[in-house]
Amino acid sequence: MKSLLDELWRDKAGSTGIVMVVALILMAAAAPLIAPYSPTTQDLRARLAPPVWEDNGSWKHILGTDHLGRDVLSRVIHGSRVSLTVGAAVVLIAGTFGVILGLVAGYRGGRTDSFIMRWIDTQVAFPGLLIALIILAVIGPSMLTVVLVLSLNGWMVYGRLTRGAVLSVRQTAYVEAAEMVGCSSVRVVFRHILPNLTSPLLTLAILEFARIVLAEAALSFLGMGIQPPATSWGLDVATGKNYMFRAWWLVTFPGVAISITVLAVNLVASWMRLISDPQEREKQFARQMRALRKKHAPQGLQETPSL
Amino acid sequence: MRFDAGRSGFWGQHRMQVHAVEDVSFAIMSGETLGLVGESGSGKSTTGRAILRRVPLSEGRIFFKGCDITHATASALRPLRRHMQLVFQDPYASLNPRMRIRDIVAEPLVVHGMAASSRAAEAKVIELLHRVGLPPDAGRRYPHAFSGGQRQRVGIARALALNPEFIVADEPVSALDVSIRAQIVNLLQDLQKDLGIAYLFIAHDLAVVRHISQRIAIMYAGKIVELAGRTEIYAKPLHPYTQALLSAVPVPDPKIQRVRRRTTHAGEPPNPLDPPPGCRFQSRCPHRTGQCRLHPPPLEDRGGGHFVACWNV
């Protein structure tokens, strides 16, 4: 555990990512304590106030206010709760379901494979947003239903990717060796195949996370997602769009928050990909050793006379 | 031990049946090495895997220690895996890159309930690594840290973990450097001497096969054309294909090599999708007669356990 932290500390990009993710989570958890105002408090006299560094900006509303005079900073802080939860929950649910079905399809092959893949094809053929809207209209929008609907729409891509990767890993000699040794198929799948799929799956999960945050925004914009007075980054970007030319800060700050989150998650994921691959890990270690040696080398060089 | 892998075939992609291997029949005694030689695509590996029940058989039977395992179910096969193992051709592909060596070697023990975890099997793992000539601290490392020869040793240690009585070695040295080959072959021989393991040694390198095998079977286009003792087959090859094969091996003496004549046979091996009636070698055989075109020659004993499938011997 300690060595893992050590390793993390040496990987600057990875540790930055972790710090950012932790900060974001803390911010979401402690939103009411940090935020200067409630996200719903309206200050109608200070409508569309610009951020503090612009003309007419004031320290009262550091990042400005929206068309109802609500503090943008407070809304960004509170919005993180919904955005992070929805993004993480959907990636987790859709990812687990899709990966398991992909593993089954790829490993079992034959009829099971055809059945699962045709199921995926059929579901992909439906326009996702439309289905989501219909379902939400029937069962009523809430955070839970948004998560469920987005998961329902998002698992297919994991299934397809996993199935394809399983098909190639399955052919490798080490999988045959595992079967020869007498491993059960569950063991083969989870010990030998799945660990070798981590890189593509992590990459996909990150891309999906960003997409989900935006998809939640789209649903919220259409009135079928997060319901006001609750707030999310996506919802703020969507409503701020109407004032984009008069008040750029309404779209910019929640948008920046989304970008920062995605960047942080990306950094963490690429670090995780590195440490989950023993070969990459060793390369990294060698690189650090070389860097260390270089650092100490100049003194040594001076001592030896040049010829 | 007796294997009767007759007519093993499998379904091709377009529902076309390819008889990759046909009428292959041989027996391997315990503690014996049978070399299986043939060119690429002749069905060597398919035969090896058919014996281990990795490839579905369309016909024929396989006996292991007197038991018919042709139709053993998957659950019946699992305990059998303890007795028959496979050593792979490509040592770079046969080890899971994300598992430590000790986990790879201990896995058979864990799977068969002989150890609770790879940690519990540590003593056994160290013993196995020692047996194949690897240092005990190799267990902590990942496969990529090892060379091809060392990886092949790991593969052998994994196969040995369950104390098998029979190992199919599928070209275990083809992917290795010439300098490493001898080491691995000697290791396999030492293990056989100590543990009495029987090998089916698949290879296309005649020198290696000669070194390790007691008996040698030559395959051509999915059939065994000749099967005899080592000295017998090298001294007195009867089948024209075997003769051509042996004449292709260079002799490490320039004077002799210069005057040697290679018997080469023009032509292509038959299309496995549509093999000709009669002898499979007819398209390239210099001695073919009318009978060769019509009837496949049976594999017959020509005295002293020297089997040949040819009408003209």
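B:Glu171 is buried in this predicted model, with a relative accessible area of 6%, where buried means under 20% relative accessible area, exposed means over 50% and partly exposed lies in between, for a 1.4 Å probe and protein chains only. Because this is a predicted model, local features need pLDDT of at least 70 and side-chain atom pairs count only at pLDDT 80 or more, while totals for chains, interfaces and linings use all residues. Residues are numbered from 1 along each chain as its sequence is written, chains are lettered from A and ligands numbered from 1 in the order in which they are written, and side-chain values use heavy atoms, with hydrogens and water left out.

Let me stay with chain B for a moment. B:Glu171 sits in the loop between β9 (166-170) and α6 (178-195) of chain B, and helices here are DSSP runs of H or I with at least four residues, strands being runs of E with at least two, numbered from the N terminus. Although B:Glu171 is not a glycine, its phi is positive, at about 45°. Most residues other than glycine have a negative phi. B:Ala221 also has a positive phi, near 50°, and belongs to the loop between β11 (215-220) and β12 (223-229) of chain B; B:Ala221 is buried, with a relative accessible area of 16%.

Turning to chain A, A:Ser80 is found in helix α4 (residues 72-108) and is buried, its relative accessible area being 0%. A polar atom of the A:Ser80 side chain lies 2.7 Å from the backbone oxygen of A:Ile77. Leaving aside residues up to four places away in sequence, A:Ser80 touches A:Met27, A:Ala28, A:Thr85 and A:Trp233, contact meaning heavy atoms within 4.5 Å.

How many residues of helix α8 (residues 173-181) of chain A are buried? Nine of the nine are, so the helix is largely enclosed by the rest of the structure; among them are A:Tyr174, A:Glu176 and A:Glu179. Just after α8(A), A:Gly182 takes a positive phi of about 105°.

Finally, a helix pair. Helix α5 (residues 110-125) and helix α7 (residues 143-170) of chain A pack at an angle of about 140°, with their axes 10 Å apart, the axes being lines fitted to C-alpha atoms over the stretch in contact and the angles running from 0 to 180 degrees between N-to-C directions. Residues of α5(A) including A:Trp119 and A:Asp121 meet residues of α7(A) including A:Trp155 and A:Arg160.

Methods
A polar contact is a pair of N or O atoms within 3.5 Å; within protein, one must be able to donate a hydrogen and the other to accept it, and residues adjacent in sequence count only if both atoms are side-chain atoms.
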